[in-house]
Amino acid sequence: MSSRSIEIYVRAQAPVIRGSGIAWLSLVVALLLSACGTAASIGDRAPEYAAAGKNLRSFSTTEELAQYLRSDSETGPLLSAHRGGAMPAFPENCIATLERTLRYAPALLEVDIRMSRDSILVLMHDDTLDRTTNGKGPLEAVKLSELRRLLLRDVNGIITPFRIPTLAEVLAWSQNRAIVQLDVKEGVPPELLVEVIRRHGAQNRVVVLVYDLEQLVHYSRMAPELVYSAVAETIEQAEAVLTHPDVDPRKLMAWTGLNEVNDEVIAYLRRHRIRAVVGTFELIDKRATEAGPEVYGALFDRGVGVVATDLIPLAAQALPAQR
């Protein structure tokens, strides 16, 4: 990113960032130290990542990854960065944002996957470009070469210097660094997703999110080596997942609900060594901004294995090492 780009962006933030000069200085430093590029740029700025080194995670095999994610491992509770951990100046689904998130905790990095017109998998939550970029219209109608010209918007809607990354770039960046959770949106062929993961040898660092038993079975038959996060919001759903002959329970996490904590389901999953995930990125996150990180600590005390949050810096304070 050029100094001119930084100057333009900082000036654009004026309506959003008010107050002390420290806030302005923090923004400039963050932008100077960040770029939403490919993995090739990381090595050139190695000293920048020294502070986050303790939060990096690397596994030799899928089995090691799966063991790390088991509820009875020595890992302790974990955080999942919803849409990568977006914050002012750092857009959702952006490599610079993923890098930033790892400065706070060894978080699982949840990103959204969609497909361009020319069948390239890219990071994007919405099916249109309007909210998160300076483009317009449906993403599926745009080729990658055109998507590359667009700039991402941050959580305040301000245009940043960062661009839409491909899944291939994120998988390359994540090697020896992080666990990436793939929230695969409608229209993405499972076969294509698995092919990209295998091509990059990323089986040891990805978790594929699935939304129902049928989808889980389809993926499990096609790619039994991968780790999955399945929906188990009721005992019945949990039992169906864990007893299906085509599903390997040793390679599972379980989504148990958004802003709901079902103690019965969580206890059932823990008996089967399955880590329970609770989404907090709406009501519970709001409560935590008012009451503090103890809100997340209470979830961990109830057996929640992963808190999926929009507030990684705050939630990180509730991890056992920080409590």
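Which residues line the largest cavity? The lining consists of Ala 230, Val 231, Ala 232, Ala 238, Val 241, Leu 242, Leu 252, Met 253, Ala 254, Leu 269 and Ile 274. This is a predicted model, in which local features need pLDDT of at least 70 and side-chain atom pairs count only at pLDDT 80 or more, while totals for chains, interfaces and linings use all residues. Residues are numbered from 1 along each chain as its sequence is written, and side-chain values use heavy atoms, with hydrogens and water left out.

**Cavities**

- The structure holds two cavities of 30 Å³ or more, a cavity being a set of points on a 1 Å grid over the protein atoms alone where a 1.4 Å probe fits but cannot get out, with lining residues having an atom within 4 Å of a point.
- The largest cavity has a volume of about 40 Å³; volume here is the space filled by probe spheres set on the points, and grid points are joined across faces, edges and corners.
- At least two lining residues come from each of β6 (227-231), α9 and β7 (252-258); helices (H or I, at least four residues) and strands (E, at least two) are DSSP runs numbered from the N terminus.
- By class, the lining of the largest cavity has eleven nonpolar, no polar and no charged residues, where Ala, Val, Leu, Ile, Met, Phe, Trp, Tyr, Cys and Pro count as nonpolar, Asp, Glu, Lys and Arg as charged, and the others, Gly among them, as polar.

**Helices α9 and α10**

- Helix α9 (residues 235-243) packs on helix α10 (residues 263-271) at an angle of about 20 degrees, and their axes are 9 Å apart; axes are lines fitted to C-alpha atoms, for helices over the stretch in contact, and angles run from 0 to 180 degrees between N-to-C directions.
- The two helices α9 and α10 are therefore roughly parallel to each other, since angles under 35 degrees count as roughly parallel, over 145 as roughly antiparallel, 65 to 115 as roughly perpendicular and the rest as oblique.
- Ile 235, Ala 238, Glu 239 and Leu 242 of α9 meet Glu 264, Val 265, Tyr 268 and Leu 269 of α10, contact meaning heavy atoms within 4.5 Å.
- The contact of α9 with α10 comprises six nonpolar, no polar and two charged residues.

**Helices α11 and α12**

- The axes of helix α11 (residues 283-291) and helix α12 (residues 294-301) come within 8 Å and cross at roughly 125 degrees.
- Helices α11 and α12 are therefore oblique to each other.
- Contact involves Ile 284, Asp 285, Arg 287, Ala 288 and Ala 291 of α11 with Glu 294, Val 295, Tyr 296 and Leu 299 of α12.

How values were computed
1 Å grid on protein atoms, 1.4 Å probe; cavity = no way out; pocket = protein on both sides within 12 Å on 5 of 7 lines; lining within 4 Å.
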